[in-house]
Each structure stands twice: as structure tokens, then as C-alpha cells.
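Hello,

Here is the structure we spoke about. Please open it and keep it beside you while you read my notes.

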Amino acid sequence: MSVARPTKASSPGVRRSMQSNKSRDTKPEMALRRAAHALGLRYRVSARPLAAIRRTADMVFTKVKVAVFLDGCFWHGCPEHHTKSATNAEYWAEKVQRNRDRDAETDRLLAEAGWLVIRVWEHEDPIEAAEHIAEQVHARRNRPQPTQAGR
């Protein structure tokens with residue numbers, strides 16, 4: 001079942017609000033990046049982990065294949081903080097479900113390609129999240145590399 005996408009915003013206020021939503025460099029994203037940088041981590045910002053897949057991670061550690069996604073509570077259906085839209089509720093519920101399905105597909109595709117995916121909710125403490133990211137990045141840096149035949 002597919003709900004028809006509204007052709008216009010329900011009010012001028014909603015239109016302004018939706019137009020002001022940023023796709024990158026949000027306050028939670030900047031806080032997480034600052035915390036990770038303070039721990040000595042260096043990463044690519046808003047990059048595709050796999051060029052063939054049109055998905056952009058918020059932070060990418062290319063050498064160790066770690067992709068970090070900072071998910072918004074409304075847009076990705078946070079179990080703690082997601083609220084249902086009062087206007088066009090059916091459309092937004094379907095939109096959030098499509099986002100969650102795409103997130104699951106992204107996680108699967110990256111895992112199949114040898115990537116570790118870390119998902120952080122926007123409400124999580126950025127320092128704690130950065131510490132978790134640092135642990136995972138360091139663990140992958142320090143793991144034994146597979147040897148190639150003929151070397």
C-alpha cells in the first residue's frame with residue numbers, strides 16, 4: 001500500500017519548517033564529530049562507504065571499513081522518542097517505515113562488503129557514542145590482517 005505524497009505542505013509554517021531541515025552538519029552530528037575528533041579520530045564526513053551504493057554515512061573510516069550513521073529520532077523511528085505526525089499521519093508513517101527498511105538494507109549491504117556499521121540515535125550522549133566508535137575503530141585497526149596466498 002502506498003500513500004500518495006502530498007503535493008504541498010499543509011501550511012506555510014510546515015513548509016518553512018521542512019525547508020529548514022538540514023541533511024548534514026546538524027547539531028547532533030557536529031557534537032558527535034567534535035567528540036570523536038577530540039579522541040584523536042580522523043574520518044571522512046558525509047561520504048559513501050561503497051561507491052556503487054547510493055548511501056551516505058555521516059562519518060566514514062575508510063581504512064578500517066567503519067561507517068557511522070547518526071539517525072534522527074523522527075526520521076528513523078526511534079523506539080524511545082519517535083512521535084507520530086498529526087498531519088498526513090499515514091504518509092509520514094510509511095515514510096519512516098521506508099527509511100527503516102532502507103537502513104536495514106544499507107546495514108546488510110555494507111556488512112556483506114566487510115564494513116562495520118555503527119548507528120547512533122540523535123538523542124544519545126555524543127561523548128559516549130564517540131567512545132564506542134573509537135573502541136570499534138581501534139579494535140579493527142589492531143586486528144590481524146588476512147594473509148594473501150603467494151606472499
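This is a predicted model: local features need pLDDT of at least 70, side-chain atom pairs count only at pLDDT 80 or more; totals for chains, interfaces and linings use all residues.

I began with α5. I127, E128 and E135 are exposed on one side of this helix. On the other side of α5 from these, the buried residues are A129, A130, I133, A134, V137 and R140. Looking down the axis of α5, the buried residues fall within an arc of 140°, so they line one face of the helix. Their cover includes helix α2 (27–38) and the strands β2 (57–61), β3 (66–71) and β4 (116–121).

The length of α5 checks out. Helix α5 covers residues 126–141, which is 16 residues. At 1.5 Å a residue it should span 22 Å, and its end C-alpha atoms are 22 Å apart, so the two agree. Look at the start of the helix too. There, a side-chain oxygen of D125 comes to within 3.1 Å of the backbone nitrogen of I127.

Now the sheet. It is open, with 4 strands in the order β1-β2-β3-β4 and mixed pairing. The edges are β1 (44–47) and β4; each has a single partner strand, so one side of each lacks a neighbour in the sheet. On average, neighbouring strands are turned by 30° against each other, direction ignored.

β2 and β3 run antiparallel and are joined by 3 bridges. V60 has its bridge partner in β3, at A67. Helix α4 (residues 89–112) packs on the sheet and touches β3 and β4. The direction of α4 makes about 150° with that of β4.

Best wishes

Technical notes. Residues are numbered from 1 along each chain as its sequence is written. Side-chain values use heavy atoms; hydrogens and water are left out. Helices (H or I, at least four residues) and strands (E, at least two) are DSSP runs, numbered from the N terminus. The expected span of a helix is 1.5 Å times one less than its number of residues. Buried means under 20% relative accessible area, exposed over 50%, partly exposed in between (1.4 Å probe, protein chains only). The arc is that of the directions from the helix axis to the C-beta atoms. Contact means heavy atoms within 4.5 Å. A polar contact is a pair of N or O atoms within 3.5 Å; within protein, one must be able to donate a hydrogen and the other to accept it, and residues adjacent in sequence count only if both atoms are side-chain atoms. Two strands pair if DSSP finds at least two bridges between them. Axes are lines fitted to C-alpha atoms, for helices over the stretch in contact, and angles run from 0 to 180 degrees between N-to-C directions.
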